[in-house]
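My entries follow in the order in which I checked things.

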Amino acid sequence: MTTPRLPREDLTAAMAARRELGPDYDDAFIETVVDRIEETLDARTAAPRARRRAPAPEPRSGDRDHSLAMAILSLLAAIPLSAIGVVNAGLPGLLIALAGIVLINFTYIFRPR
């Protein structure tokens, strides 16, 4: 969508008509030209506003992103849980412990907000 332009031909024709009408119609001529310029400016300023998207909502003070803390806690929990799983059940115990940590992280990422 292009913004409307104030054609120079219109201004040239208006100036020629002003010369023919004489100084008695100067006020009317000026008002007409100013109205056209204001319409053009209004159209130009309205066009970018229509294309803008609504700003993203501001996060509330209680809605902090704790994903880094969750990642660090997952790594800290993975060490003893994997050791306990390996000692008690071998490789299947390790896989179950790591799958549980991965499951907790996925549920945290996709939780309703």
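I began with helix α3 (residues 67-89) and helix α4 (residues 91-109), which pack at an angle of about 160° with their axes 7 Å apart; helices here are DSSP runs of H or I of at least four residues, and axes are lines fitted to C-alpha atoms over the stretch in contact, with angles from 0 to 180 degrees between N-to-C directions. The model is predicted, so I noted that local features need pLDDT of at least 70 and side-chain atom pairs pLDDT 80 or more, while totals for chains, interfaces and linings use all residues. Residues are numbered from 1 along each chain as its sequence is written, and side-chain values use heavy atoms, without hydrogens and water.

α3 and α4 are therefore roughly antiparallel, a term for angles over 145 degrees.

I then listed the contacts (heavy atoms within 4.5 Å): the α3 side includes M70, A77, L81 and V86, and the α4 side includes L94, L98, I101 and Y108. By class, this contact has 14 nonpolar, six polar and no charged residues, with Gly counted as polar and Ala, Val, Leu, Ile, Met, Phe, Trp, Tyr, Cys and Pro as nonpolar.

From UniProt, I took the feature "transmembrane region" (unreviewed entry) at residues 68-87 and 93-110, bearing in mind that annotations may be inferred rather than shown by experiment. Residues 68-87 are 100% helix, with end C-alpha atoms 29 Å apart, whereas residues 93-110 are 94% helix, with ends 26 Å apart.

How values were computed:
Helices (H or I, at least four residues) and strands (E, at least two) are DSSP runs, numbered from the N terminus. Angles under 35 degrees count as roughly parallel, over 145 as roughly antiparallel, 65 to 115 as roughly perpendicular and the rest as oblique.
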